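Please look at the sequence and the structure shown below before reading on.

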Amino acid sequence: MAKAIEITDANFEEIIKSDQPILVDFWAEWCGPCKMIGPVVEEIAGEYDGKAVIGKVDVDANPAVASKFGIRSIPTLLFFKNGEVVDKQVGAVPKSVLAQKLEAQI
């Protein structure tokens with residue numbers, strides 16, 4: 001079962017070049033809603049292995065990436081395609097919402 005990859009300020013640009021759709025979860029250890037959606041993101045990582053890239057950015061450890069995309073509320077999930085943000089979800093939502101947004105990019 002695949003897991004969400006850890007995305008950092010250092011590896012973000014390399015990961016975002018993927019030709020697959022990418023879901024990036026911006027989160028922090030102290031964030032309650034982030035802890036609720038974290039396991040959902042991990043489930044999606046397993047289900048979409050080979051079809052999409054699923055990653056997580058700890059905003060406290062990687063402020064440059066969070067700042068670049070104006071992340072002010074967490075959890076914020078950004079959907080990328082061809083290196084561009086194509087969709088966004090702020091706050092914890094059911095798995096079906098994230099899956100639907102990801103499916104739209106595949």
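Leaving aside residues up to four places away in sequence, Cys31 touches Ile74 and Pro75, where contact means heavy atoms within 4.5 Å. This is a predicted model, in which local features need pLDDT of at least 70 and side-chain atom pairs count only at pLDDT 80 or more, while totals for chains, interfaces and linings use all residues. Residues are numbered from 1 along each chain as its sequence is written, and side-chain values use heavy atoms, with hydrogens and water left out.

Cys31 is found in the loop between E2 and H2, whereas Cys34 lies in helix H2; helices (H or I, at least four residues) and strands (E, at least two) are DSSP runs, numbered from the N terminus. With the same exclusion of residues up to four places away in sequence, Cys34 touches Trp27, Ala28, Ile74 and Pro75. Cys31 has a relative accessible area of 4% and is therefore buried, and Cys34, at 4% relative accessibility, also counts as buried, since buried means under 20% relative accessible area, exposed over 50% and partly exposed in between, with a 1.4 Å probe and protein chains only.

A search of the whole structure finds one disulfide, a term for a pair of cysteine sulfur atoms within 2.5 Å. This disulfide joins Cys31 to Cys34, with an S to S distance of 2.3 Å, and the link is right-handed, with 80 degrees about the S-S bond. An unreviewed UniProt entry places the feature "active site" at Cys31 and Cys34; UniProt positions are given in the numbering used here, feature names are shortened, and annotations may be inferred rather than shown by experiment.

## Helix H2

Helix H2 covers residues 32–47, and its 16 residues, at 1.5 Å a residue, should span 22 Å, which agrees with the 24 Å between its end C-alpha atoms; the expected span is 1.5 Å times one less than the number of residues. A kink of about 30 degrees lies at Gly38, shortly before the proline Pro39, the bend being the angle between axes fitted to the seven residues ending there and the seven starting there.

Which residues of H2 are buried? They are Cys34, Ile37, Gly38, Val40, Val41, Ile44, Ala45 and Gly46, and these buried residues pack against E2, E3, strand E4 (76–81) and helix H4 (95–103).

## Salt bridges

Side chains of opposite charge can pair when their charged atoms come close. A search of the whole structure finds seven salt bridges, each defined as a side-chain nitrogen of Lys or Arg within 4 Å of a carboxyl oxygen of Asp or Glu. In one of them the side chains of Lys68 and Glu13 meet at 2.7 Å, N to O. Because Lys68 lies in helix H3 (residues 63–68) and Glu13 in helix H1 (residues 12–16), the pair ties together parts that are 55 residues apart in sequence. Lys68 is exposed, with a relative accessible area of 52%, while Glu13 is partly exposed, with 41%.

Lys56 forms a salt bridge with Asp25, and the closest N and O atoms are 3.4 Å apart. This pair links distant parts of the chain, with Lys56 in strand E3 (residues 53–58) and Asp25 in strand E2 (residues 22–27), 31 residues apart, and both Lys56 and Asp25 are buried. The side chains of Glu14 and Lys17 meet in a salt bridge at 3.8 Å, N to O, and both of these residues are exposed. Glu43, Glu47 and Lys95 are linked in a network of salt bridges.
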